[in-house]
Amino acid sequence: MWRPTPLYRAKALENYLGTPAEIYFKYEANSPTGSHKLNSALAQCYLAKLSGVEKLITDTGAAQWGSALAMAGQMFGIEIQVHMIRSSYYQKPYRRYLMETYGATVYPSPGDHTEFGRSVLADDPDNPGSEGIAVSEALEEVRKDPRAKYAMGAFSNHNLLHQTVIGQETKKQMASIGRDPEYLIASVGCGSNMGGFVFPWLPDQLDGLDVSMIASEPEACATLTRGEYRTDFADATGKGPMVRTYTLGHEFVPPEIHAGGLRYHGCAPLIGLAKDEGLISSVAHPQTDVFKAGKLFASLFGFVPAPEACHPLCTAIEKAQECKRMNHSGVIVVNYSGHGLLDLPAYDRFNQGQLEDYRATGQEHQRRRTDMEVV
Ligand SMILES: *Cc1c(COP(=O)(O)O)cnc(C)c1O
């Protein structure tokens, strides 16, 4: 349908930065729903169809995952029900319209539709919702319906496996131009686009290829950079399952940054393990730096990156500047996980100088407004 996705060389960015480094980006925004999430959604719907599952129920935040599953369900004739975090349901409705256009049923979470949702709303009628609440509602619905199963977007081993199509293609594309990557950079929310992008190179790294695999995170939710490697609940409500991975603590509520896909207290266990083993490293950026990178990128290429995808671009720019200082022609490859055309309100805030930065001080988060330089 849209694979293989293109690998572009970002020559205009190299020229703008005056760096001897080569910068490439793998363009996952080419998928119909605009991000890498469809790689797992299609695989899951296909396998569900083979297993006779008639309905898939899921939770979603800004709905990159929900819209991917809605589209894939439509393709395979599987009914899709989505519990969408209430604040996004009302404030960022475009992906909800998209899901409904594909024929999915979408409920705000917390919502009247479930017992758990009703109990949350009884305590707090204005509850904006959270990933944890949405998961609990989706699971309650799955338990009620024997035809239905729960579909997970990004956290599990199978999500990372499905996403390795990104890294496998990129490897072939790099080989075809005779280049080895020195830096592989991707954002980490749960870690599915990072795992899918970098893991196909792990055997090469273990065989001696000098490649740094860097996870790019928001300063406001820097799981790998500031979290601990230990056993914790995967969900926010502490119902389980428990996993061993990097975590900021399951009770940690990340501030409302615009890269909604990166607001998760933990990360996929394989990503946690790879960090703990020293196979991957991580960096964190404040969101104003991230949008500055996104705006620069848009002005040079026309493509507007999703706020999540601005993170690895921001890291790549820093690495390219480092290469310039050291007069080193490093090869930098970025996973461009999705487009930002449905995230334009966030760009509007940035353009108006109204974007807030959040910097972590341990697990306390201080809100401050920074002076911004317009690129
Ligand atoms: C969901 C999402 C992410 C983060 O999720 P991962 O599980 O870390 O891949 C990154 N970019 C985009 C565009 C997303 O939709």
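## Helix 3 and helix 5

Helix 3 meets helix 5 through Gln-64, Gly-66, Ser-67 and Ala-70 on its side and Arg-95, Leu-98 and Met-99 on the other, where contact means heavy atoms within 4.5 Å. By class, the residues of this contact are three nonpolar, three polar and one charged. Ala, Val, Leu, Ile, Met, Phe, Trp, Tyr, Cys and Pro count as nonpolar, Asp, Glu, Lys and Arg as charged, and the others, including Gly, as polar.

The axes of helix 3 (residues 64-76) and helix 5 (residues 94-101) come within 8 Å and cross at roughly 15°. Helix 3 and helix 5 are therefore roughly parallel to each other, a label for angles under 35 degrees. Axes are lines fitted to C-alpha atoms, for helices over the stretch in contact, with angles from 0 to 180 degrees between N-to-C directions. Helices are DSSP runs of H or I with at least four residues, numbered from the N terminus.

## Model and numbering

This is a predicted model, in which local features need pLDDT of at least 70 and side-chain atom pairs count only at pLDDT 80 or more, while totals for chains, interfaces and linings use all residues. Residues are numbered from 1 along each chain as its sequence is written, and side-chain values use heavy atoms, with hydrogens and water left out.

## Helix 6 and helix 7

Helix 6 (residues 115-123) and helix 7 (residues 131-144) have axes that come within 8 Å and cross at roughly 145°. Glu-115, Phe-116, Gly-117 and Val-120 of helix 6 make the contact with Ile-133, Ser-136, Glu-137 and Glu-140 of helix 7. The residues of this contact divide into three nonpolar, two polar and three charged.

## Second largest pocket

The second largest pocket holds about 230 Å³ of space. Eleven residues line this pocket, and the closest to its centre are Asp-289, Lys-292, Ala-293, Cys-314 and Ile-317. Helix 1 (11-17), helix 13 (287-301) and helix 14 (307-325) are the elements that give two or more residues to the lining. The lining has seven nonpolar, one polar and three charged residues.

A pocket is an open set of points on a 1 Å grid over the protein atoms alone, with protein on both sides within 12 Å along at least five of seven lines; lining residues have an atom within 4 Å of a point. A volume is the space filled by probe spheres set on the points.

## Cavities

Four cavities of 30 Å³ or more are found in the whole structure; a cavity is a set of grid points where a 1.4 Å probe fits but cannot get out. The largest cavity has a volume of about 60 Å³. Ala-62, Lys-92, Pro-93, Tyr-94, Arg-95, Leu-342 and Asp-343 line the largest cavity, giving four nonpolar, no polar and three charged residues.

Definitions and conventions: Parallel < 35°, antiparallel > 145°, perpendicular 65-115°, else oblique.
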